[in-house]
Amino acid sequence: MKIRAVQLPSFVFVVAVFAFAGLVAAQEPAVVAHDAWVRMPAPSKMETALYLVLENHSSQPRAVVSASSDAAAKLEIHEMKTVMKDDSMGKSGGPMNQSTGGSDSSMSMDKPTSQPMMAMTPISKIEIPANGKITLAPNGLHIMMFGLKSRPAMGDKINVTLKLDDGSTVPVVAIVK
Amino acid sequence: MKSWTRLAALILLLTAGCHHAQLPVLPIGGDFALTDFNNQRFELSSLRGEAVLIFFGYTSCPDVCPTTLSKLSSVYKRLGADSPRVKTLYITVDPNRDTPAVLKEDLSSFQVDAIGLTGTKAEIDKVVGLYGASYEIIPLPDSAAKYSVAHSTTLYGLDGEGRTRILFPYGASIDDIVRGVKEILAPNS
């Protein structure tokens with residue numbers, strides 16, 4: 001059927017609108033990072049921890065599988081977890097001091113068993129649920145930055161790139177606090 | 001009921017506001033000698049007359065230790081005129097890396113009246129045992145960290161006679177610690 005000359009521009013316009021919308025949708029990142037910060041490293045250390053919030057705006061779960069930065073030699077994904085020692089009194093300590101020396105010596109306490117311990121442990125990935133978010137914060141998930149190339153100052157911004165399991169990357173700008 | 005549960009119950013008793021009850025003397029702790037961050041011999045007995053807070057950690061610790069030290073910075077600020085009467089002892093469970101110089105340098109970044117302590121493994125293990133603490137070296141051959149140190153997180157509050165009076169769990173707030181320290185410093189504690 002012949003397309004009348006007056007209809008052609010409208011048709012082209014509609015196609016262009018849909019094409020543009022598709023382009024915009026394709027460019028919008030599925031995973032975004034915000035509220036990123038880096039702990040000021042201890043004076044004798046050139047390593048520190050990165051914390052941030054990751055939001056997944058897609059209907060597919062995603063995972064952070066690695067991280068990199070021009071500011072540090074190596075980044076690793078870690079978590080803090082509670083672990084128990086089998087026999088802390090036998091393996092890590094000497095004899096108990098049973099003397100109370102106080103007025104409340106009638107309180108009889110059993111010899112304490114091992115205390116729970118906090119440990120930093122490398123993990124392979126951080127999973128971000130579909131249409132959800134995950135927070136990396138002290139005492140939990142974090143990204144360790146080893147071999148800082150220069151000592152940052154308070155308020156400096158550090159650029160980090162997170163790599164996801166689908167091959168895409170997430171840019172992060174972290175503030176030194 | 002495990003001992004640590006009973007001890008935690010004592011802390012709850014404190015935070016419930018029983019300010020007039022005398023603090024119990026806990027059956028853990030005792031005098032010890034280590035090396036301080038000036039590479040001098042240190043004895044706990046040298047701090048008689050002061051309240052003492054003891055914490056086991058290591059300077060490469062990314063979270064727990066700086067969090068505790070930051071909390072203690074706020075505690076000291078809140079103690080105000082009482083702060084000179086309180087000394088913090090930071091005992092490393094990583095003497096391999098935490099030399100006196102490293103302890104001194106890293107503790108200087110916190111506003112805490114702290115002494116860093118180290119020693120031989122045997123000396124540190126003895127003190128860890130006295131206070132019922134725990135630590136474990138975890139090799140991490142594939143990590144730039146080389147190894148991690150799992151460690152217990154209790155903050156111990158001692159009175160001016162070197163007796164352990166309070167155990168602050170890691171989750172204790174600044175208010176909890178300030179209140180507890182004031183209890184220790186009270187004339188009739």
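**Reading strands, helices and confidence**

Tutor: In chain A, K81(A) stands opposite A119(A) in β5(A). Residues are numbered from 1 along each chain as its sequence is written, and chains are lettered from A and ligands numbered from 1 in the order in which they are written. This is a predicted model, in which local features need pLDDT of at least 70, side-chain atom pairs count only at pLDDT 80 or more, and totals for chains, interfaces and linings use all residues.

Student: How many bridges join β4(A) to β5(A), and in which sense do the strands run?

Tutor: Strands of a sheet pair through backbone hydrogen bonds, either parallel or antiparallel. Strands (E, at least two residues) and helices (H or I, at least four) are DSSP runs, numbered from the N terminus, and two strands pair if DSSP finds at least two bridges between them. Here β4(A), residues 72–84, and β5(A), residues 116–122, run antiparallel and are joined by seven bridges. Strand β4(A) is also joined by seven bridges to β8(A), residues 141–148, again antiparallel. There A72(A) has L148(A) as its bridge partner.

Student: In which sense does β10(A) pair with β1(A), and in which with β9(A)?

Tutor: With β1(A), residues 31–38, strand β10(A), residues 169–176, pairs in the parallel sense over two bridges; W37(A) stands opposite I175(A). With β9(A), residues 157–164, the pairing of β10(A) is antiparallel over seven bridges, and K163(A) is the bridge partner of T169(A). The hairpin of β9(A) and β10(A) has four residues between the strands, and G167(A) takes a positive phi near 90 degrees there.

Student: What is the strand order of the open sheet in chain B?

Tutor: The order is β2-β1-β5-β4-β3-β8-β9, seven strands with mixed pairing. At the edges stand β2(B) (41–43) and β9(B) (164–168), each with a single partner strand, so one side of each has no neighbour in the sheet. From one strand to the next the twist averages 35 degrees. Within this sheet, β4(B), residues 86–92, and β5(B), residues 114–118, run parallel with four bridges, and Y90(B) is partnered by G116(B).

Student: How are two packed helices described?

Tutor: By the angle between their axes and the distance between the axes. Axes are lines fitted to C-alpha atoms, for helices over the stretch in contact, and angles run from 0 to 180 degrees between N-to-C directions. The axes of α2(B), residues 64–79, and α5(B), residues 174–185, come within 9 Å and cross at roughly 50 degrees. The two helices are therefore oblique to each other (under 35 degrees is roughly parallel, over 145 roughly antiparallel, 65 to 115 roughly perpendicular and the rest oblique).

Student: Which residues of α2(B) and α5(B) meet?

Tutor: K71(B), S74(B), V75(B), R78(B) and L79(B) in α2(B) meet I174(B), I177(B), V178(B) and V181(B) in α5(B). Contact requires C-beta atoms, placed from the backbone, within 7 Å.

Student: Where is the pLDDT of chain A under 50?

Tutor: Where pLDDT is low, the predicted coordinates should not be read in detail. pLDDT is the predictor's confidence in each residue, from 0 to 100. In chain A it stays under 50 over residues 87–112; the chain mean is 81, with 71% of residues at 70 or more. Chain B has a mean of 91, with 88% of residues reaching 70 or more, but residues 15–20 of chain B are below 50. The model scores ipTM 0.85 and pTM 0.82.

Technical notes. Two residues are in contact if their C-beta atoms, placed from the backbone, lie within 7 Å.
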